[in-house]
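Below are a few friendly notes to read with the structure open beside you.

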Amino acid sequence: MSIAEMVGNEGKSFPWNAKIPDGPLEEKWNLFKRNSRLISPNNRKKFKIIVVGTGLSGSAAAATLAEQGYQVSSFCFHESARRAHSIAAQGGVNAAKNYKNDGDSVIRMFRDTLKGGDFRSREANVYRLAECSIPFIDLAVSQGVPFNREYGGYLENRSFGGVQVSRTFYSKGQTGQQLLLGAYQTMMRQVHLGKVQLYTNVELLDYIIIDGHAKGIVVRNLLNGELEKHSAHAIVVASGGFGKIYYLSTLALGCNATAVWRAHKKGALFANPSWTQIHPTSLPQTNSYQSKLTLMSESLRNDGRIWVPKSKDEKRPPAEIPEEERDYYLERKYPSYGNLAPRDISSRAAKERIDLGFGVGPLKNAVYLDFKDAKKTLGEEVLRARYGNLFDMYKKITDVDPLTEPMLISPSAHFSMGGLWVDYELMTNVPGLYAIGEANFADHGANRLGANSLLQASVDGYFILPATLPNYLYDKVDSNLVSTDHPSFKEAEETIQKEIQFYTNANGKKLIDEYHKELGKILYDSCGLKRSKSELESAVKTIQNLRNEFLSGNIRIPSDSFTKNAELEKAGRMKDYLELAELMCLDALLREESCGAHFRIEHQTEDGEAKRDDKNFQFVSCFEWSGDASRPILHREPLSFEFFLPQNRDYQ
């Protein structure tokens, strides 16, 4: 379809209110909290809140809301909330505390984040993120999160890509795990007190929208196949991102898009779907049988130097290649930031070297991350104190000690900047339906700076949602829960049963993983690090054909829907991926510019850098479900900049 056919309400104002408070930037959040509605403690217990997802944002939200007195039901498709993918984040969490006395501040963090996102996010949201970073560290310490400390006992900091200060708090290479355990234990305390009802081994399959408001969900018990219905006064989606759509990614196999995509199909806008971050430091693919790639924390770039040989035909071991025959390409191209250039820039630079034939490793699909110089200046003991578990993980996987031989790293699909559209209060355009953490499009713009994901997930759950939720609930104190016998629940249940029946009755030959691998390759090649109009148009047609094949029933899964059936689970998720993938490509086609993670080869400077077009594309692309995956309706939320005007994103 043409881009013009996608456009809805063209020439009209954006029909939804982002609810950005008036007033000076540094006062917006405080003014909001001063003027927002409140619900008395006696009335909070009358409300039931559903939280879908038990990662860092979901556990934080469930724990905080339950502590405030709400009835909370929390849903997790693992057997334990501790298995949420937040546990895999390694490098750290940002906070503008200026412990290093190197010039950091809330305003500097705000500017770094806005610039890192290539001026494609809301100023007010980004400033709030930086502002809330300060109390969050104190909260995490009070939970017992074991951040690294200096000799004198002060919390240690390190740098991440896209900044020139040290603001990242870390717990070796296990920061996500430690923060999740803090949130998990806080939530489990509320479970023990009976204030949170935890449902494990269930997957959300549909939302119940009645009179335009979110009123409930239908989930499938993954152990016995039964469908279960739950009603609530408000629903919070905290299900993470959709980077696993690329198949080979840094994400766990269970990560998926179903919770956000099915909210979209029930009326929630989907924002900026094409902005998916490719992480610069994952382990490279080694064979065609792999189902995921392993993340190596970006923090390694603090002390490791990235390079490739200057010769395409280099066959010597890295230790035998002299300095003058090495190309430290990030230091050469971006001298101000060097190896700490932002993720999108570092990933594109690595792919450029690999595509030109300078790649290293058995498949020539990697670059070197070398600690030789850091070992000389800092010593092995210091490096192991900072990155010990990362070095151990690398050696366990590759049987190579990264302190004796450089790591092999390559770009890999990682984080979703796109997601459900939310206003300043984190509510979607569907009243009563909220999205937090990576499930929303929120704060990162076209590129997420490292160590901001754990921060956003945490502050969304601990600080922001609990303060904004009363604005929706305050006048519903006497509202009863919708009965699960309501016709809307029955209709959703019948729709799900038909979908399951379609999968189990299919008598095709193709496994779900075969579809996923094909789709992932299409996206990585055409809607990955570099994109072009011709390749995107071709990808759209290929995805449509692949989806038609899937919907024709050429799939093979076990027929039993009433036991644990991983293939049946994957089938439903694959259908969602095949629809979302087309939207990603259509969004990338629409945006005739290069910004952040979106690099259109038709729009670049003479030296190969991204060329942004603020005149025509300074907006959030918000898509409405039309009933046809190939004909989405586009709405544009304009972005305005009053406190930090857009500038060239120069890291040289």
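1. Let's begin with a pair of side chains. Please keep in mind that this is a predicted model. Asp112 has a relative accessibility of 13%, so it counts as buried, the limit being under 20%. Its partner is Arg167, and the two side chains meet in a salt bridge, with 3.0 Å from N to O. Arg167 is buried as well, at 2% relative accessibility. Look at where the two sit: Asp112 belongs to helix H5, while Arg167 lies in the loop between E4 and strand E5 (168–169), so the bridge links parts of the chain that are 55 residues apart.

2. A second pair to find is Arg573 and Glu203, whose closest N and O atoms are 2.8 Å apart in a salt bridge. Here the link spans 370 residues, from strand E7 (residues 202–210), which holds Glu203, to helix H17 (residues 566–590), which holds Arg573. Arg573 is buried at 10% relative accessibility, and Glu203 is buried at 6%.

3. Next comes the salt bridge of Glu156 with Lys100, where the closest N and O atoms are 2.7 Å apart. Both residues sit in loops: Glu156 between helix H6 (123–142) and strand E4 (157–158), Lys100 between strand E3 (93–94) and helix H5 (106–116), 56 residues apart. Glu156 is buried, with a relative accessible area of 14%, whereas Lys100 is partly exposed at 32%.

4. How many salt bridges does the count come to? The count is 55. Some residues join in a network of salt bridges: Arg305, Glu323, Arg326, Glu331, Asp370, Lys372 and Asp373.

5. Now step back to the domains. The domain assignment gives domain 1 (46–278 + 422–474), domain 2 (279–414) and domain 3 (487–611). The centres of domain 2 and domain 3, taken over C-alpha atoms, are separated by 31 Å. Their contact takes 8 residues from domain 2 and 8 residues from domain 3.

6. What area do domain 2 and domain 3 bury between them? They bury about 820 Å², with 56% of it on carbon and sulfur atoms. On the side of domain 2, Asp344, Arg348 and Lys351 lose the most area to domain 3, together 56% of what that side buries.

7. Finally, check what crosses this interface. There are 0 salt bridges between domain 2 and domain 3, but 2 residue pairs are in polar contact. Helix H10 (residues 343–358) gives the most to the domain 2 side, with 4 residues. By class, that side has 2 nonpolar, 2 polar and 4 charged residues.

Terms used. Residues numbered from 1 in each chain as written. Predicted model: local features only at pLDDT ≥ 70, side-chain atom pairs only at ≥ 80, totals over all residues. Heavy atoms only, no water. Salt bridge = Lys/Arg side-chain N within 4 Å of Asp/Glu carboxyl O. Buried < 20%, exposed > 50% of the residue type's maximum accessible area, 1.4 Å probe, protein only. Domains from an automatic or database assignment. Contact = heavy atoms within 4.5 Å. Buried area = accessible area lost by both parts, 1.4 Å probe. Polar contact = N/O pair within 3.5 Å; in protein donor to acceptor, adjacent residues only side chain to side chain. Nonpolar A, V, L, I, M, F, W, Y, C, P; charged D, E, K, R; others polar.
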